[in-house]
Amino acid sequence: MTNPHRIALLFNANKVYDRQVIAGIGHYLNSTRVEWDLFMEEDFRSRMRDIHQFKGDGVIADFDDPEAQEALRDLPIPVVAVGGSYHDPAAYPAGVPYIATDNERLVRLAYDHLIEQGLGRFAFYGLPAHPGSRWAQEREHAFRTVVEAEGVEATVYEGSPTSAGGWGEAVEELVAWLTALPKPIGIIATTDARARQVLQACVIGDIPVPEQVAIVGIDNDPMAQLLTRIPLTSVIQGAEEMGRTAAHVLHQMLRGVDCSGTRVLVPPVGINVQVSSRYHPVRSPHVMRASHYIRQYGCLGIKTEQVADYVGVSRTVLEEHFKRELKQTVHQVILKHKLDAACDLIANSDTPLADIALRCGFTSLQYMYAVFRREYDCTPRQYLDLHRTAGAT
């Protein structure tokens, strides 16, 4: 038996993207006979200090970190870079194998989804230029390229960096930008974190999502979903595949293969379509405002009267608009929202059914069972079993 290779993983694992890359590395190790002794900082943050004193055999590093390229330049052991793609080939580090998320295809997938929703105006919410966010500038460049090529109406807003002290002013500026945009419009955010900010600003500015603003993020970050009342559509990066590929390349290098010219672009896995981008043209402003309110509070036990109060019309008037526009009552739309939320939790989580009933606004588990039998001709438990059976086939 030979001693395992000592490999340093230089990533900031507080980010979902980095965690997924690391998971991909782990999957590669678990699916092969490769044995590596992995080094990571105890707090899972990437630090370049003392890296030249690392007495190991190889490194896989996040080259989106502006310090990485310089710190690892003359390291006498194999290094594999992971990071965002560049439209200019000269921007890639020379002599280092590079595994990249395909920024152009990430943005293109988000754009094509909004096109499929029937939208004709588009905007991009990015980040101010900074050495540590070159990937964000690449996504902005990809957006500008695609809308210019297709000749569609579009705008770009970079906003302010996120900070506690400046957040109040930043969100006011964001609300002002959103309010001034022509509508309806589809917005691509450079990350889910920025997409969540757009959702927050739309709530503050009383801008219906997705009737007036349809939003798509990038990362498919579960934390961003937990922190928003309106479920967020997001492009799923191929980050785990990036990790597997990076581990495979390093494995080859440790066996003496020259991979210095290797460059791999990993496409996105797909798009997780949620409410934030499901645009449907709505003529009635009353229905638009009511639907926006239901998406935020539909699982909190709201009644038709509360929705009408929010819209500022009588219940009778609101019901007339709903029947004319959606061919449904307000109560039916609230109930559908609750059922959709329950079905999503049943199918995609291990949450107990009693907790799901409470979280989705049903007065009891028994009542949720009765509604499922009436609407779907099955119980929540049977719905779960059917979903598991479909997923296994």
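Select Asp-377, which is exposed at a relative accessible area of 71%, where exposed means over 50% relative accessible area, buried means under 20% and partly exposed lies in between, computed with a 1.4 Å probe on protein chains only. Asp-377 sits in the loop between helix H14 (365-376) and helix H15 (380-392), and its phi is near 60°, a positive value in a residue other than glycine. Helices (H or I, at least four residues) and strands (E, at least two) are DSSP runs, numbered from the N terminus.

This is a predicted model, in which local features need pLDDT of at least 70 and side-chain atom pairs count only at pLDDT 80 or more, while totals for chains, interfaces and linings use all residues. Residues are numbered from 1 along each chain as its sequence is written, and side-chain values use heavy atoms, with hydrogens and water left out.

Next, select Asp-219, in the loop between strand S9 (213-218) and helix H7 (222-226). Is Asp-219 buried or exposed? With 13% relative accessibility, Asp-219 counts as buried, and its phi, near 140°, is again a positive value in a residue other than glycine.

Now move to Pro-210, which lies in the loop between helix H6 (192-204) and strand S9; the peptide bond that leads from Val-209 to Pro-210 is cis, with omega near 5°.

Finally, select Lys-183 and Pro-184 together, and look at the cis peptide bond that joins them, with omega about 0°. Pro-184 belongs to the loop between helix H5 (167-180) and strand S8 (185-189).
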